[in-house]
2 protein chains.
Amino acid sequence: MKFRNFKMVSYMVYGRGSFNQLDEILAPQRRESQPMIFLVDHFFENKPLVDRIPLRGKDKIIFADVSYEPKTKQVDALAAQLKQEFGNVSGIIGIGGGSAMDLAKAVSLMMNNPGSSADYQGWDLVKQPGVYKAGIPTLSGTGAEVSRTTVLTGPTRKLGMNSDFTPFDQIVLDPELIADAPVNQRFYTGMDCYIHCIESLTGTFLNEFSKSYGEKALNLCQEVFLSAGDWTPLHDDRLMMASYAGGMSIAYSQVGVAHAVSYGLGYLLGTKHGIGNCIVFDKLEEYYPEGVKEFKKMVKKNRIEIPQHITRGLTNDQFETMIDVAMGMKPLWENALGADWEKKMTRGRLRELYEQL
Amino acid sequence: MKFRNFKMVSYMVYGRGSFNQLDEILAPQRRESQPMIFLVDHFFENKPLVDRIPLRGKDKIIFADVSYEPKTKQVDALAAQLKQEFGNVSGIIGIGGGSAMDLAKAVSLMMNNPGSSADYQGWDLVKQPGVYKAGIPTLSGTGAEVSRTTVLTGPTRKLGMNSDFTPFDQIVLDPELIADAPVNQRFYTGMDCYIHCIESLTGTFLNEFSKSYGEKALNLCQEVFLSAGDWTPLHDDRLMMASYAGGMSIAYSQVGVAHAVSYGLGYLLGTKHGIGNCIVFDKLEEYYPEGVKEFKKMVKKNRIEIPQHITRGLTNDQFETMIDVAMGMKPLWENALGADWEKKMTRGRLRELYEQL
């Protein structure tokens, strides 16, 4: 199809305190003797949020270590563990940032699809719906709450399980849940949304649907990260909407230079997506002059230090590896630089860029 | 639940020419020997669009007279006719404005629910999913493409079948389809979106989700109806997005004075929703000073004449009927004027308002 037929999340609730409705929301999805599994970012271990999870019967909380982004091995192990313990489950509820939500989506799919999640890295390879799945963000900016992918690092590549079966059946957007995020983490994740907006709005792939969402997300990011005074609950309300709108804008748009270069960092050094994008975007004045200028204002206003010199001391082979990964992201380059992008972005130019990071 | 758990449309495609993908989109929804039924606004009889409908097997086009808004009798008759002719159908595809789309939603539901559609006017009375249903707008502004209702005039009231089974399974947003709408009809329907935005953004029920969508829809309406120069395809692109965003903003907001008063006109005189809202809003400077000022600019810029004196010569009983209908719209008044609205909007004040129309 020329235009993507976009699968939407089935149910969405937005509101301060809407997390308290979770028991009621899950009730009709429970299947006799099969538990709900709550996959929770390990950040919340021993935090009050855990006591608010509406456990019933054999329901289980599993804390997920998301120090690194999810791996296919981790997904496969979780699905195998749940199958062994319960046969099947009523649903998987992901509570956390992009990694925790992506993990929940992937485990849900692997409860009903044979083999390894690595077999499904790509586009439309998933053939069976997963078990019921819900996403509850506690960090905003990735857009994972509405995306049709789940980014996974596999044995041979970092690539999502992109399919119409991947989006959540339910999302719960409760701005109270993002209030306690560490300030730097909140910034990096928020900037994932901001940088996405700059890349897609200046790109060549855009249409009016994605432009509408992208502009709204951009405005909300500007209000949140540039407004005078202290952080207030209203900032959380808006950041949560920015992430949602930014995620929706992906439907008919593409990211650009920062994401392509950042993938190289992630692959070689394990740099997480949000901070990696910030490290790269900080050096992209040439490609996004206004966006980078505004980004630097946001960095200053929010008193964040962007890590520097992270590629210092890497070997020639290591640089070549990052360049290989980045150059492979053809649609991103084409969106950013046009059909003749290969004339504009050479391996030499890319090496210079990586050396600046 | 304190916060509505909002059922979204399942699939959405947006793009110029996306109507050409309809055959491919419908293919997986076809059930053996059961046809797809295309409910098409009678405006398109003998127009080229009809020849582009991808008919297969026993598929049938039914032209729907939408001179008046849909009635429960009309819905019941259509569903009965289809059951008699085909037993059941693979799906109902509504092509047209808000009335045609609402009709399609209602007929889809009545293929699988017993009794009369009048039995389901209200909230969450529908118990069974309908047959597959898709909405393809050819007029933009009502937001019917994403709403969870289908406004119907029944034997005793004008009220929607509000339910989680009501939203479409698929919407096809092709801005080429709204290009040929009559200029005045396009304006009235577009103003349905604009007036909704003004009413919800100034209302007391708003939250950040609905505010984000409402602001985007408002900006798009302003760009479309106030920009200098002639109407271009870009205006259609944006108006279509304004309608979508305006519809989404309904999730956590409510309309206000114009809608309440307009329902009285609709009930007594059969005035259609879009034009009725314009007739009323034109006289609401007191309640929406800035919105009405901008509305008058839009009227002038687009060289529209808003009908005047439509209540001249009505009897006292007729005025009383309209006042009864309008006063019954409690949530709308509360949203517009606050919890103590009854002190601010008396029957006498409402009579004065109706006499000005």
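Student: Which residues line the largest cavity?
Tutor: In this predicted model, the lining consists of A:Ser212, A:Tyr213, A:Lys216, A:Met241, A:Ala245, B:Ser212, B:Tyr213, B:Lys216, B:Met241, B:Tyr244 and B:Ala245. A cavity is a set of points on a 1 Å grid over the protein atoms alone where a 1.4 Å probe fits but cannot get out, and lining residues have an atom within 4 Å of a point.

Student: Which elements give two or more residues to that lining?
Tutor: Helix 6 (208-226) and helix 7 (233-249) of chain A do, together with helix 6 (208-226) and helix 7 (233-249) of chain B. Helices are DSSP runs of H or I with at least four residues, strands are runs of E with at least two, and both are numbered from the N terminus.

Student: How much space lies in the largest cavity?
Tutor: About 80 Å³. The volume is the space filled by probe spheres set on the grid points, which are joined across faces, edges and corners. The count comes to one cavity of 30 Å³ or more.

Student: How do the lining residues divide into nonpolar, polar and charged?
Tutor: Seven are nonpolar, two polar and two charged. Ala, Val, Leu, Ile, Met, Phe, Trp, Tyr, Cys and Pro count as nonpolar, Asp, Glu, Lys and Arg as charged, and the others, Gly among them, as polar.

Student: In what sense do strand 2 of chain A and strand 1 of chain B pair?
Tutor: Antiparallel, over two bridges. A:Tyr11 stands opposite B:Lys7 there.

Student: And which strand does strand 7 of chain B join in parallel?
Tutor: Strand 10 (residues 170-173) of chain B, through two bridges. B:Ala134 has B:Gln170 as its bridge partner.

Student: What are the conventions?
Tutor: Residues are numbered from 1 along each chain as its sequence is written, and chains are lettered from A and ligands numbered from 1 in the order in which they are written. Local features need pLDDT of at least 70, side-chain atom pairs count only at pLDDT 80 or more, totals for chains, interfaces and linings use all residues, and side-chain values use heavy atoms, with hydrogens and water left out.

How values were computed: Two strands pair if DSSP finds at least two bridges between them. On a 1 Å grid over the protein atoms alone, a cavity is a set of points where a 1.4 Å probe fits but cannot get out, and a pocket is an open set with protein on both sides within 12 Å along at least five of seven lines; lining residues have an atom within 4 Å of a point.
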